[in-house]
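Me: I would like to learn how to read the features of a structure one at a time. Please take me through this one.

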Amino acid sequence: MIDRTVGVRRPSLFRRVAGENSTVRRLDALMLVAVAGLCVIGTLLVWSSTRTWAPGSTGLVKKHIFNEAIGIVLCAIVATVDHRAMRAYAPLVFLVSLIGLGLVITPLGATINGSHSWILLGGGFAVQPSEFAKVGLLLIIAMVLAQPAEGSDRPRGLDIWLALLASGITMGLVMLQPDLGTALVLAVITAAGLIIAGVRKRWIGVLTLLAIAGVFSVFYFQLLEPYQVARFTAFVDPSVDPRGVGYNSTQSMIAIGSGQLLGKGLLGGGQTTGRFVPEQHTDFIFTVAGEEFGFLGSVTVVLLLGVVLLRGLKIARQCDDRFGTLVAGTIVCWFAFQTFINVGMTIGIMPITGLPLPFVSYGGTATFANLIAIGLLQAIRVRRQSFN
């Protein structure tokens, strides 16, 4: 037998990695640059906001960089997987996320900042399963709604009920913690999946009425925790108790306003150094950006997040298969809602809900979930042309 491979030149490693048809060339570079920029800004802000009280001269920045490194590895791994294969693994990912949420309400769970939503791992590390639940829920919703009814481009009624059931179970476990902010994100993920899938308007109308009834019931039957009621009270009128329930809102607006146009410079914020704003390295990290980088720096953060959202929308629009479109579109809605709530609560136009700013706030599990979502977007971008 003649070996016909003799004398045939194999393409170099560089050509395979960076060639015209390589995976690297098909990645969305602009999105990755924007995410990298946000991570760098977030690292600087975490350093500034934790160096005066956390152990060591650098505060929590080393741990934050370590979390980002793990998140980048997870992002790269997910980006190399065919997103169509993920459709087969969606039930497993969803099941694992439910198991994590279930473990939280056992003795393994721990309470941090009034929310019983953590599992302590030791060594100063903890995991928040509700962040991974966002990924698990959007994957299972995309899976069940991706197959349209025969002779139609809309999902079957049974599939809609299955999506609502998955959402209800996930949100129920999250509300047991309780974590109202994450529950709202899960609700947005569910609504986005249904709308992108093209469910009929009557479904949207009925679900909207049910949502309104649910919100009314929560307040009427006083199902919220006292600290959650206090947050809504502060939102309605921050001046009602500026040293109590309105303290966070008042101090965050003072910090952002004091930065003016150009800010006080990195490490130069008095509100940040004095820790006048609680949780300024996580939920209120946008106040650090406003005080130290000023209006222009804050706008830069928002613009970078906008680039991520716009590139995500482009990926969703160009994808030829329903599953990829559903996953990409739902991720964009997730990031958009969480960004709006986080920035809004720091400038007083939204109630405080405890949601971190994507790619900027300090956090391990949230960083992992956000970068996994970016990996999903990149995987869809690389293989966006496929059969339905």
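Me: Which residues have the most contacts inside the largest nonpolar core?
Reply: This is a predicted model. Its largest nonpolar core has 79 residues, and those with the most contacts inside it are Leu145, Val327, Ile331, Trp334, Phe335, Phe359 and Ile374. Helix 13 (residues 285-318) gives the largest share of this core, 11 residues. Apart from it lies another core, of five residues, including Ala255, Val277, Met345 and Ile352.

Me: How many residues apart in sequence are Val327 and Leu139?
Reply: They are 188 residues apart in sequence, while their C-alpha atoms are 6.5 Å apart in space.

Me: Which residues does Ile331 touch, not counting residues up to four places away in sequence?
Reply: With that exclusion, Ile331 touches Leu138, Ala373, Leu376 and Leu377. Leu138 is also among the contacts of Val327.

Me: What is the order of the strands in the open sheet?
Reply: The open sheet has three strands in the order 1-2-3, with antiparallel pairing. Strand 1 (109-112) and strand 3 (125-127) are the edge strands, each pairing on one side only. Neighbouring strands of this sheet are turned by 55° against each other on average, direction ignored.

Me: How many bridges join strand 1 to strand 2?
Reply: Three bridges join strand 1 to strand 2 (residues 115-122), and the two run antiparallel. Helix 5 (residues 83-104) lies across strand 1 and strand 2, running at about 100° to strand 2.

Me: What describes a pair of aromatic rings?
Reply: The distance of the centres and the angle of the planes describe such a pair. Here the count comes to three aromatic pairs. In one of them, the ring centres of Trp161 and Trp203 are 5.4 Å apart and the planes are at 75°, so the pair is edge-to-face. Trp161 lies in helix 7 (residues 157-175) and Trp203 in helix 9 (residues 201-220), so the pair ties together parts that are 42 residues apart in sequence.

Me: Is Trp161 buried or exposed?
Reply: Trp161 is exposed, with a relative accessible area of 56%.

Me: What are the distance and angle for Trp334 and Phe335?
Reply: This aromatic pair is tilted, at 4.9 Å centre to centre with 50° between the planes. Trp334 counts as buried at 0% relative accessibility, and Phe335 counts as buried at 3%. Ring pairs link Trp334, Phe335 and Phe359 into a cluster. These three are among the residues with the most contacts inside the largest nonpolar core.

Methods. Residues numbered from 1 in each chain as written. Predicted model: local features only at pLDDT ≥ 70, side-chain atom pairs only at ≥ 80, totals over all residues. Heavy atoms only, no water. Pairing = 2+ DSSP bridges. Helix = DSSP H or I, 4+ residues; strand = E, 2+ residues; numbered from the N terminus. Axes fitted to C-alpha atoms, helices over the stretch in contact; angles between N-to-C directions. Contact = heavy atoms within 4.5 Å. Core = buried A, V, L, I, M, F, W, Y, C linked by side-chain atoms within 4.5 Å. Buried < 20%, exposed > 50% of the residue type's maximum accessible area, 1.4 Å probe, protein only. Phe/Tyr/Trp six-rings, centres within 6.5 Å; stacked < 30°, edge-to-face > 60°.
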